[in-house]
Amino acid sequence: MPPLPPNAGTGLGDDDRLGALLVEGGVLSQDALSRAIQLSVSRGEGLTRVLIEENLVSEADLVATLAKHLKLDYVDLTDYPVDAAAARLVSDSLARRYLALPIGWFEGRLIVAMADPSNVFAIDDIRAVTGAELHIAVATSNSIVEAIGKFHRVMSSAEDVSAEASSVFDEDTSLASVREISEDSPIVKLVNILIGQAIADRASDIHIEPGDNSLRVRFRIDGVLHEVMRPPKNIHSGIVSRLKVMADMNIAERRVPQDGRINTKISGRDVDLRVATLPTVHGEKVVMRVLDKSTALLRLQDLGFLPENMARYEQCYRKPYGTILVTGPTGSGKSTTLYATLNIVNDETKNVITVEDPVEYQLPGINQVQVNTKAGLSFAAALRSILRSDPDVVLVGEIRDQETAIIAIEAALTGHLVLSTLHTNDAASTPSRLVEMGVEPFLVGSSIDCVVAQRLARKLCARCKRTYTPNKSELASTGWDFERLGEPGESYETFQPVGCGACGGTGYHGRFAIHEVLVVTEEVERAIVERAHTEDIRKIAIGQGMLTLRQAGMVEVAAGLTSLEEILRVIA
């Protein structure tokens, strides 16, 4: 759908004007109009009703003609990508009362499809409820009713179920009652609805957060949290207990954090969730990570590596031994990059073993070990046992302590290819981090072949992004590489987010990875052994062709994949 023009009016006009418009637009013949007017007078009914009842004009043609006259846009909701989050900004009852439904965003304004755009009371009420400036479009009443049923069904069901569940809970619910009610139908339905909606909305995480007098449910979509529901506070214990039962946790323990995993089927689809509880002053907060098995099967070339970065990385993972470290904050896609690498190096001639906490995705042909600290199976203990199992490639989920770091590095020095992750801000600071953990600098320098720092950035929505040319001083303040990229507007265009129905008004849809690939050459190794400062290591690597995270991000801005603002948001 093209951008909506500014609203030019709201009056629908009288029957004579309507008939003339239909004839002028070729929708209705003059003879058919004359007959319809006669029927309208004899029956005492409006012309619009007669035209539709006599099948002289379809409702869609009628509404489209009116919209054109009013200089509003006509929206066919049967194929328009309605933004579910926008649709839920008004209640089901309000939407049905006014036959009006928010369907997306355009340039910061909420697009509302209405059957009667002349209803100023409806416009005022929706503006007050949503707190947004409105952009009115016109749609048929039937299509609006169908859309309301479709987009309000899930969350209205959740509200109904939560209200039903609330009636059997109170603030002093005993543990025995929670244990019993956690299997009760309303709670089970509510949890299933929330999980199903999260999957439909492409959420990566579900947050259930208790407050002083409320309970908040939020979904993380494309790295940003969105509030979706506020159930009654008194059903909090029931929701948490239901999730603990599903994740095989101890429902009697509320004072310490717990971790678990849920394998269930929602709407006929197998779903894996990693569950973590955290005691807060208002009760237990629950975060569920939605594990999408398809990410474990992604190809390395689909992860967003720039050609020069891919070439540098490939020369390292093709070696039979050495250490490859992927660094970055939690949720930056480190595991996905390592899994994609494993899928390449794994073949029938190699013994590939992983030690993870937890094992998020099960990979065919690979031996995966789950850490169990309660049983004494730590990363270090598991890694020692793995090295006695004749491995060729070893993946260590995370290097958390000195013991694990030393064993992993010694494994690389004895002829194994070791892949692992570490929490550092960039690639150049990784060697210093290992030295701080107690690993000798000469071991760090001689064992590490490659460090990949990674971030996830949002892609601009292809439907609504618009061209934008920043001025030179603005670019200079961001560290723009004029020598490499030139100036936008000369040979290429840069874009900025707008917001539409397809992207939920955010201007972004989907994410991609940005990489900084540091290859440990002889010069870099010498600097590590000499305990050189991180900045000195970075300068050597840049001089040898390394793109920093920001430089790699700017290349993607120049390619039109994302915006300058997004790169500055994710990369310091």
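## Salt bridges within helices

Helix 6 (residues 92-98) contains both Asp92 and Arg96, which are four residues apart, about one turn of the helix. The structure is a predicted model. The side chains of Asp92 and Arg96 form a salt bridge, with an N to O distance of 3.0 Å. Asp92 is partly exposed, at a relative accessible area of 24%, and Arg96 is also partly exposed, at 39%.

A second pair lies in helix 23 (residues 564-570), where Glu566 and Arg569 are three residues apart, about one turn of the helix. Glu566 and Arg569 are joined by a salt bridge, and their closest N and O atoms are 2.8 Å apart. Is Glu566 buried or exposed? Glu566 has a relative accessible area of 1%, so this residue is buried.

## Other salt bridges

Asp302 and Arg299 form a salt bridge as well, and the closest N and O atoms of this pair are 3.1 Å apart. Asp302 counts as partly exposed at 43% relative accessibility. Arg299 counts as partly exposed at 48%.

Salt bridges also link Glu209, Arg216, Arg218 and Lys285 in a network. The count for the structure comes to 22 salt bridges.

## A negative surface patch

Which residues form the negative surface patch? They are Asp347, Glu348, Asp390 and Asp392. Asp390 is placed in the loop between helix 14 (379-387) and strand 14 (393-396). With a relative accessible area of 61%, Asp390 is exposed, because the cut-off for an exposed residue is over 50%.

## Cysteines

How many disulfides does a search of the whole structure find? The search finds zero disulfides. A disulfide is a covalent bond between the sulfur atoms of two cysteines. The pair of sulfur atoms has to lie within 2.5 Å to be counted. For Cys450, the closest cysteine sulfur is that of Cys316, at 4.0 Å, and this is too far for a bond.

Cys450 counts as buried, at 0% relative accessibility. Another cysteine, Cys461, counts as buried at 3% relative accessibility. The cut-off for a buried residue is under 20% relative accessible area.

## Positive phi values

Asp222 has a phi near 55°, a positive value in a residue other than glycine. Asp222 is found in the loop between strand 6 (215-221) and strand 7 (224-229). The relative accessible area of Asp222 is 10%, so this residue is buried.

Asp248 has a phi near 60°, again a positive value in a residue other than glycine. Where is Asp248 placed? Asp248 is in the loop between helix 11 (236-246) and strand 8 (258-266). Asp248 is exposed, with a relative accessible area of 71%. Asp222 is thus a buried loop residue, whereas Asp248 is an exposed one.

Notes
Residues numbered from 1 in each chain as written. Predicted model: local features only at pLDDT ≥ 70, side-chain atom pairs only at ≥ 80, totals over all residues. Heavy atoms only, no water. Buried < 20%, exposed > 50% of the residue type's maximum accessible area, 1.4 Å probe, protein only. Patch = residues over 30% accessible without salt bridge, like charges linked within 9 Å, V, L, I, M, F, W, Y side chains within 5 Å. Areas by Shrake-Rupley, 256 points an atom, 1.4 Å probe, with all protein chains shown as cover. Salt bridge = Lys/Arg side-chain N within 4 Å of Asp/Glu carboxyl O. Lys, Arg positive; Asp, Glu negative; His and termini not counted. Charge placed at Lys NZ, Arg CZ, Asp CG, Glu CD. Helix = DSSP H or I, 4+ residues; strand = E, 2+ residues; numbered from the N terminus.
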